Amino acid sequence: MTINEIQDEIAEEFSDYSDWMDKYSYLIEIGNDMPPYPEEHRVQQNVIEGCQSTVWINASLNDDKTLHFDADADAIIVKGIVGLLIRVLSEHTPDEILNADLYFIDKIGLKENLTPTRSNGLLAMIKQMKLYAMAFSVKG
């Protein structure tokens with residue numbers, strides 16, 4: 001699936017919920033469904049600066065030159081948010097990630113329903129994921 005197809009799928013899923021309490025519950029569900037984060041990746045270099053809660057994001061390059069992201073957060077809604085970002089960006093090439101317009105964030109109303117500090121954290125997570133993509137595109 002392309003990045004845009006995944007974003008459209010997420011927007012469709014969120015459209016099933018009429019209010020933000022239900023959408024927050026869905027984010028919690030997404031966070032709870034994430035695979036366990038490897039302990040060896042729980043290091044300071046994987047911590048995202050600018051997030052209110054502690055968020056770890058790690059990236060690795062697959063054999064087919066796509067990036068695989070894994071992440072964790074100590075706040076369950078934030079874990080759901082990073083889970084959405086992983087769903088959209090993971091298993092794509094660095095160029096696809098760098099050129100992605102993450103319109104689903106506005107489409108589902110996420111940004112305006114986060115506190116300013118959580119919104120800044122969201123931007124910090126996206127920035128870090130794109131920095132990983134940039135680093136791997138230079139290596140590749």
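The buried residues of helix H6 pack against S1, S2, H3, helix H4 (94–98) and H5. Here buried means under 20% relative accessible area, exposed over 50% and partly exposed in between, with a 1.4 Å probe and protein chains only; contact means heavy atoms within 4.5 Å. Helices (H or I, at least four residues) and strands (E, at least two) are DSSP runs, numbered from the N terminus. Please keep in mind that this is a predicted model, in which local features need pLDDT of at least 70 and side-chain atom pairs count only at pLDDT 80 or more, while totals for chains, interfaces and linings use all residues. Residues are numbered from 1 along each chain as its sequence is written, and side-chain values use heavy atoms, leaving out hydrogens and water.

Let us stay with H6 for a moment. Its 24 residues reach 35 Å from the first C-alpha to the last, close to the 34 Å expected at 1.5 Å a residue, where the expected span is 1.5 Å times one less than the number of residues. Among its buried residues are Leu 122, Met 125, Met 129 and Phe 136.

Now for the strands. S1 (residues 55–61) and S2 pair in the antiparallel sense over seven bridges; pairing requires that DSSP finds at least two bridges between two strands. Val 55 has Ala 73 as its bridge partner in S2. Five residues lie between the strands of this hairpin, where Lys 65 takes a positive phi near 70 degrees. Six of the seven residues of S2 (residues 67–73) are buried, so this strand is largely enclosed by the rest of the structure.

Finally, visit the loop between H1 and H2, where Tyr 17 lies. Tyr 17 is partly exposed, with a relative accessible area of 28%. Not counting residues up to four places away in sequence, Tyr 17 touches Asp 22, Lys 23 and Tyr 26.
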